[in-house]
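User: I'm new to this one and would like to go through it piece by piece. Can you take my questions as they come?

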Amino acid sequence: MDHIDILITLAKIVAAFAFLILGAAMTVLLERRVSAFIQNRIGPNRVGPGGLIQPFADVAKLVMKEDIVPRSANRFIHDMAPMISIGVALSTFAIVPFGNGIDIFGRHVKLMIADVNIGMLYLLALTSVGVYGITLAGWSSNNKYSLLGGLRSSAQLISYELSMGLSLIGVLMIAGTLRLDEIVLRQTQYIGGILPKWNIFLQPLGFITFVIASFAETNRLPFDLPEAEPELVGGYHTEYSGMKFGLFFLAEYANMITSSAIITTLFLGGWDVPYIEGLGLAPLTLALVQVGGFLVKVALVVLFYIIVRWTIPRFRYDQLMNLGWKVMLPLAIANALGTGLVLLLIA
Amino acid sequence: MGTNGKMIRRSDLGFWQKIYLPEIVKGLGLTIAQMFKPKITVQFPDERFKPEPSFRGRPVLVEENGVERCVACGLCARVCPALAIEVQASETPLEKERFPVKFEINMVRCIFCGFCEEVCPEEAIIMSNEYLLAFSSQQEALFGKDKLLKPASQMQDRLDWLRAHR
């Protein structure tokens with residue numbers, strides 16, 4: 001590994017982070033516009049063309065706001081919690097492959113930041129760390145609403161992490177590897193020459209359980225109990241203000257993008273654009289089209305997240321736990337067992 | 001959809017409803033269909049809401065043949081719950097014999113109740129359709145006769161509406 005490799009990695013990190021931060025800002029705007037459209041309103045359209053500058057104006061406002069910390073709060077942990085949240089949201093993105101590798105300047109560059117051979121485990125491990133940001137935020141604020149939000153978050157994430165992990169086992173068994181880039185490569189073929197061999201078609205049950213668990217992991221409605229504003233004021237970020245609140249906000253949307261990217265990678269064929277090899281494009285163009293295809297898929301999943309939020313009401317806490325333990329977990333186990341059985345019979 | 005106010009028990013639900021996912025897909029369809037419906041927002045500084053004649057905007061004095069209809073009876077000042085109206089009467093050689101030398105409405109006090117319009121025997125003070133009332137000082141909010149007078153021709157909508165509904 002010489003210094004050019006380091007430069008390439010740095011460039012990839014900058015590109016991915018810029019994509020994630022800008023994407024989070026744009027997702028905030030998208031959410032506000034889409035929710036407005038669903039409610040027959042127009043939404044923010046004043047700042048910049050179509051409101052494009054609105055998220056930056058919001059961030060500028062948040063940065064200039066006073067940072068208020070409750071006197072009885074644990075200052076150190078109170079400061080640390082948003083950093084954990086945003087750090088986890090950003091670093092999960094490191095293993096997502098943007099596209100197939102490209103050959104440039106006589107080198108083979110893989111379009112992912114970290115080529116980890118235990119990619120899927122890394123993903124599950126990091127999402128577990130993400131709970132700490134929210135739980136610590138709730139605990140350190142020394143406020144009953146925050147604490148309840150934090151506790152709910154940890155209970156919810158533990159319950160849904162199990163079914164999330166188990167629903168991935170099917171994908172794992174089909175691909176036979178934990179590397180995300182190889183999982184995508186396995187999905188580039190066709191079933192019977194027509195249908196793309198995406199895992200959503202091979203693992204529909206796994207897909208549904210994984211998507212539901214992802215909603216719970218990112219604290220999006222219908223599972224946004226940690227911040228349930230009618231019950232808990234603001235939940236875990238009740239006592240946060242200024243940019244520290246902004247970081248939680250950013251982390252929520254960055255998490256949304258990351259989990260959309262992961263859903264895309266694992267189930268929707270990642271950067272695979274079906275039937276494209278028939279066009280005979282030059283390798284570099286092909287790679288760019290595939291990156292574009294990946295981004296489009298991620299954007300569509302993000303849009304799905306947003307529309308679901310404005311459609312389904314929040315679950316009650318006992319319903320959430322019932323769904324997690326009595327429905328999702330058995331389904332995920334059944335899916336894993338069924339996939340294993342089918343693979344065994346085929347082999 | 002279409003429960004007709006009937007209570008639905010969990011045991012009434014069919015298999016597909018209990019599974020919940022098809023119902024979610026239906027709901028998603030509903031929200032997506034809403035996205036393409038016309039928007040009801042009025043984008044205020046660019047577009048303006050055009051009030052109906054029944055709208056109670058700021059009160060104005062009706063002007064006919066260059067003179068106000070008002071005979072300065074003072075009923076409006078008497079009925080005004082916010083004490084926003086001040087009238088000073090004087091005599092005039094015209095047929096109506098009395099006219100207001102000073103007619104002042106403090107628009108900071110006015111609550112747009114329309115009592116003045118209702119009590120007026122001459123249909124001289126009526127509510128207009130103007131609603132853009134922002135002031136940068138208390139002095140600016142004192143509307144004298146110069147700002148209150150409006151030719152009857154401009155207020156015809158409201159006058160017709162009053163005739164039809166009272």
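User: Is A:Q54 buried or exposed?

Analyst: This is a predicted model, and in it A:Q54 counts as buried, because its relative accessibility is 13% and buried means under 20%.

User: Where is A:Q54 found, and which residues does A:Q54 touch?

Analyst: A:Q54 is found in helix α2 of chain A, which covers residues 54-64. Leaving aside residues up to four places away in sequence, A:Q54 touches A:L29, A:R32, A:P44 and A:V47.

User: Let's move to helix packing. At what angle do α4(A) and α5(A) pack?

Analyst: Helix α4 of chain A (residues 119-140) and α5(A) pack at an angle of about 170 degrees, and their axes are 8 Å apart. The two helices are therefore roughly antiparallel to each other, since angles over 145 degrees count that way.

User: Which residues make that contact between α4(A) and α5(A)?

Analyst: On the side of α4(A) they include A:M120, A:L123, A:L124 and A:W139, while on the side of α5(A) they include A:S146, A:L147, A:G150 and A:L172. Taken by type, the residues of this contact of α4(A) with α5(A) divide into twelve nonpolar, nine polar and one charged.

User: And how are α5(A) and α12(A) arranged, roughly parallel or roughly antiparallel?

Analyst: Helix α5 (residues 144-175) and helix α12 (residues 317-346), both of chain A, pack at an angle of about 15 degrees with their axes 8 Å apart, and they are therefore roughly parallel to each other. The crossing in which α5(A) passes α12(A) is left-handed. As for the residues of the contact between α5(A) and α12(A), 18 are nonpolar, nine are polar and one is charged.

User: Switching to rings: how many aromatic pairs does the structure hold?

Analyst: Over all chains, the structure holds 17 aromatic pairs. One of them joins A:F223 and A:F315, whose ring centres are 5.3 Å apart and whose planes are at 5 degrees, so the pair is stacked.

User: Where in the chain do A:F223 and A:F315 sit?

Analyst: The pair links distant parts of the chain, with the two residues 92 residues apart: A:F223 is in the loop between α8 (204-217) and α9 (229-232) of chain A, and A:F315 is in the loop between α11 (283-309) and α12 of chain A. Both A:F223 and A:F315 are buried.

User: What about B:F49 and B:Y131 over in chain B?

Analyst: B:F49 and B:Y131 form a tilted aromatic pair, 5.9 Å from centre to centre and with 45 degrees between the planes. This pair too links distant parts of its chain, for B:F49 is in the loop between α2 (21-35) and β1 (59-64) of chain B and B:Y131 is in the loop between β5 (125-127) and β6 (142-143) of chain B, 82 residues apart. B:F49 counts as partly exposed at 44% relative accessibility, and B:Y131 is partly exposed as well, with a relative accessible area of 28%.

User: Last topic, backbone angles. What is the phi of B:A72, and what is the phi of B:E97?

Analyst: Phi of B:A72 is near 55 degrees, a positive value in a residue other than glycine, and B:E97, which is not a glycine either, has a positive phi of about 70 degrees. B:A72 is in the loop between β2 (67-68) and α3 (75-79) of chain B, whereas B:E97 is in the loop between β3 (85-91) and β4 (98-106) of chain B.

User: Are B:A72 and B:E97 buried or exposed?

Analyst: B:A72 is buried, with a relative accessible area of 4%, while B:E97 counts as exposed at 54% relative accessibility.

Key. Residues are numbered from 1 along each chain as its sequence is written. Chains are lettered from A and ligands numbered from 1 in the order in which they are written. This is a predicted model: local features need pLDDT of at least 70, side-chain atom pairs count only at pLDDT 80 or more; totals for chains, interfaces and linings use all residues. Side-chain values use heavy atoms; hydrogens and water are left out. Helices (H or I, at least four residues) and strands (E, at least two) are DSSP runs, numbered from the N terminus. Buried means under 20% relative accessible area, exposed over 50%, partly exposed in between (1.4 Å probe, protein chains only). Axes are lines fitted to C-alpha atoms, for helices over the stretch in contact, and angles run from 0 to 180 degrees between N-to-C directions. Angles under 35 degrees count as roughly parallel, over 145 as roughly antiparallel, 65 to 115 as roughly perpendicular and the rest as oblique. A crossing is left-handed if the near helix is turned anticlockwise from the far one by less than a right angle, and right-handed if clockwise. Ala, Val, Leu, Ile, Met, Phe, Trp, Tyr, Cys and Pro count as nonpolar, Asp, Glu, Lys and Arg as charged, and the others, Gly among them, as polar. Contact means heavy atoms within 4.5 Å. Rings of Phe, Tyr and Trp (its six-membered ring) pair if their centres lie within 6.5 Å; planes under 30 degrees apart count as stacked, over 60 as edge-to-face and the rest as tilted.
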